[in-house]
Amino acid sequence: MKIVQIASEVAPLAKTGGLADVAGSLSTALAGLGIETTVFMPQYRTVIEKCEEVVPVMMEPLKLKLGNQAREARLVRTSLPGTDVRVYLVRSDPFFYRDGYYVDPTSGRDYGDNCERFAFFCQAALSAVEALDLEPDIIHSHDWQTGLVPLYLKTLHAGRAGLGRGKSVFTIHNMAYQGKFPQECMDFLGVGREYYNWKQLESYGELCLLKGGLVFADGLTTVSPTYARQIQTQEFGRGLDGVMRERSGDLRGIINGLDDAEWNPDGDPHLPARFSARNLSGKRKCKERLQKEMALFPSAGTPIIGMVGRMVEQKGFDLLLQCVDDLMTMDLQLVVLGGGDERWLADAFAAKANSFRGRFSFYYGFDEGFAHRIYAGSDALLVPSRFEPCGLTQLCAMRYATIPIVHRTGGLADTVTDYSPELLTAGKCNGFCFDGFDKSAFLGAVRRALDIYKDSRSWQRMAEICATKDVSWNRSATEYKALYEELLKR
Ligand code: ADP
Ligand code: GLC
């Protein structure tokens with residue numbers, strides 16, 4: 001079987017969040033199942049420096065038309081670092097040679113030409129598949145940036161040579177990002193205005209690129225079974241729940257996995273000491289180093305609770321902020337790493353951290369190594385998300401024997417089983433869950449966790465359960481493969 005993956009970010013070459021992790025690690029896992037996998041992504045300014053080797057391909061640029069504008073795309077071939085998985089970078093300096101991927105870091109605003117940029121990327125990727133004669137069985141695209149791929153396969157690129165059987169799969173990583181633009185942007189798409197209607201590309205008076213994927217893909221997936229159910233409801237569907245209900249027969253929820261090599265406490269270059277599920281002793285050293293690095297009081301017996309994420313509405317940083325004063329009355333230390341563009345929230349966290357020096361540390365930015373050290377050095381990890389399609393940080397935490405404390409929603413509900421003494425004896429619980437997105441539920445879960453922490457044998461047992469849980473792609477990649485096979489039989 002031959003698969004093409006098309007995504008706007010692919011780790012480790014470009015990453016703002018879990019989409020990149022998944023696009024990269026799922027591709028590697030599929031290749032491991034013997035599926036010939038080729039990846040397409042844009043060549044942003046900082047990509048080349050992260051590639052092991054780059055080879056220009058095709059002397060002549062691909063010639064495309066975006067509305068009335070003629071555009072050119074060049075292609076560069078590389079591979080996912082440390083693997084044989086082929087990656088083609090779509091190069092267009094006017095569109096992608098910038099400091100941000102979607103947002104201008106100086107203004108904090110989305111680039112004004114995002115619709116054009118990603119319509120261009122989708123067309124360029126498909127034209128490249130044709131020109132390279134890749135003949136894929138499945139073309140799998142992800143999120144709003146590549147929502148036009150399934151539409152183009154049924155319109156502009158229908159029946160073209162080189163596209164193989166070209167069945168499309170579209171994965172929704174987050175219903176909150178829909179790629180919505182003014183109707184006038186239809187002019188860039190290259191398909192007729194007739195597609196701008198409520199059954200196809202229009203949603204509440206705007207052009208919606210995500211909807212292109214939802215309506216036109218042959219198969220749909222999202223990243224957990226619970227979120228697959230949730231997005232069919234008004235509460236989580238963000239205005240697209242009707243479409244999701246209509247397509248529910250074609251929608252599957254498949255839990256994300258982690259890249260075993262990237263997230264491995266026994267071989268992680270970011271850590272001061274290595275450890276494994278069988279021998280957790282190195283974790284103590286990681287905790288000690290984290291306290292030092294973050295200017296927390298050195299104290300082996302005080303539990304460190306960490307949190308890592310983009311500082312956006314979804315992740316519940318605001319809920320944590322409301323709870324900081326209460327948390328600081330408890331015997332714990334708090335370490336928070338937050339990235340993203342919500343400066344006001346970051347300022348509020350920085351101010352709080354300043355008033356609880358030595359017990360609460362906050363770092364604003366995106367720092368891969370630091371994230372690894374928080375997963376490894378903390379005792380527990382907070383994931384108080386309002387909603388969470390899958391969530392990777394709870395999986396990273398578990399891999400590093402750190403116990404997650406989560407809001408029971410989406411993929412968090414599917415991956416974390418709440419503590420009870422009976423389940424612990426049976427080896428079946430791996431965290432603390434709270435229902436209801438509010439302060440008392442959140443603090444209740446933290447208090448329950450602290451109670452168990454005092455009983456070090458139970459805590460240790462639960463940490464072992466976390467560390468031995470299979471959070472790799474083993475099962476989920478097979479589910480994707482089965483879906484691809486099923487679509488090909490149709
Ligand atoms: P989302 O994709 O919604 O941001 P996920 O939990 O699926 O959330 O994935 C987040 C990924 O990004 C994880 O790999 C996490 O370690 C990483 N990450 C998030 N915030 C930061 C940060 N500030 N610094 C470094 N890595 C981060
Ligand atoms: C999204 C979601 C997150 C998920 C990630 C990868 O960004 O917010 O829950 O884990 O995509 O699928």
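This is a predicted model: local features need pLDDT of at least 70, side-chain atom pairs count only at pLDDT 80 or more; totals for chains, interfaces and linings use all residues.

The buried residues of helix α6 are Leu 209, Leu 210, Lys 211, Gly 212, Gly 213, Leu 214 and Phe 216. Buried here means under 20% relative accessible area, exposed means over 50%, and partly exposed is in between, with a 1.4 Å probe and protein chains only.

Residues are numbered from 1 along each chain as its sequence is written, chains are lettered from A and ligands numbered from 1 in the order in which they are written, and side-chain values use heavy atoms, with hydrogens and water left out.

Next, strand β13, residues 219-222.

Strands count as paired if DSSP finds at least two bridges between them. Strand β9, residues 167-172, runs parallel to β13 with 4 bridges, and Phe 170 has Leu 220 of β13 as its bridge partner. Strand β14, residues 251-253, is also parallel to β13, with 3 bridges. There, Leu 220 is bridged to Leu 251.

Now an antiparallel set. β3, residues 55-66, pairs with β4, residues 69-79, over 8 bridges in the antiparallel sense. Pro 56 is bridged to Val 76 in β4. The two strands form a hairpin with 2 residues between them, and Gly 67 in the turn has a positive phi of about 60°. β4 then joins β5, residues 86-91, through 6 antiparallel bridges. Arg 74 has Arg 91 in β5 as its bridge partner. The β4 and β5 hairpin has 6 residues between the strands, and Gly 82 has a positive phi near 80°.

On to backbone geometry. Most residues other than glycine have a negative phi, and most peptide bonds are trans. Against that, Ala 11 and Pro 12 are joined by a cis peptide bond, with omega about 5°. Pro 12 sits in the loop between β1 and α1.

Tyr 204, in the loop between β11 and β12, has a positive phi near 45°. Is Tyr 204 buried or exposed? Tyr 204 counts as exposed, because its relative accessibility is 66%. Ala 401 also has a positive phi, about 55°. Ala 401 is in the loop between α14 and β19, and it counts as buried because its relative accessibility is 2%.

Gln 314 is in the loop between β15 and α11, and at 3% relative accessibility it counts as buried. Leaving aside neighbours within four places in sequence, Gln 314 has contacts (heavy atoms within 4.5 Å) that include Asn 174, Tyr 177, Arg 386 and Glu 388.

Leu 207 belongs to strand β12 and is buried, at 0% relative accessibility. What does Leu 207 touch, not counting residues up to four places away in sequence? Its contacts include Cys 115, Phe 181, Cys 185, Met 186 and Tyr 196. Cys 115 is 92 residues from Leu 207 along the chain, and their C-alpha atoms are separated by 9.5 Å.

Last, the chain as a whole. There are 19 helices and 20 strands. Of the 490 residues, 59% are buried. Among contacts with a separation of 6 or more, 72% are between residues 24 or more positions apart. The C-alpha trace spans about 65 × 45 × 45 Å along its principal axes. The radius of gyration is 23 Å, which agrees with the value near 23 Å for a compact globule of 490 residues; it is taken over C-alpha atoms, and the globule rule is 2.2 Å times the number of residues to the power 0.38.
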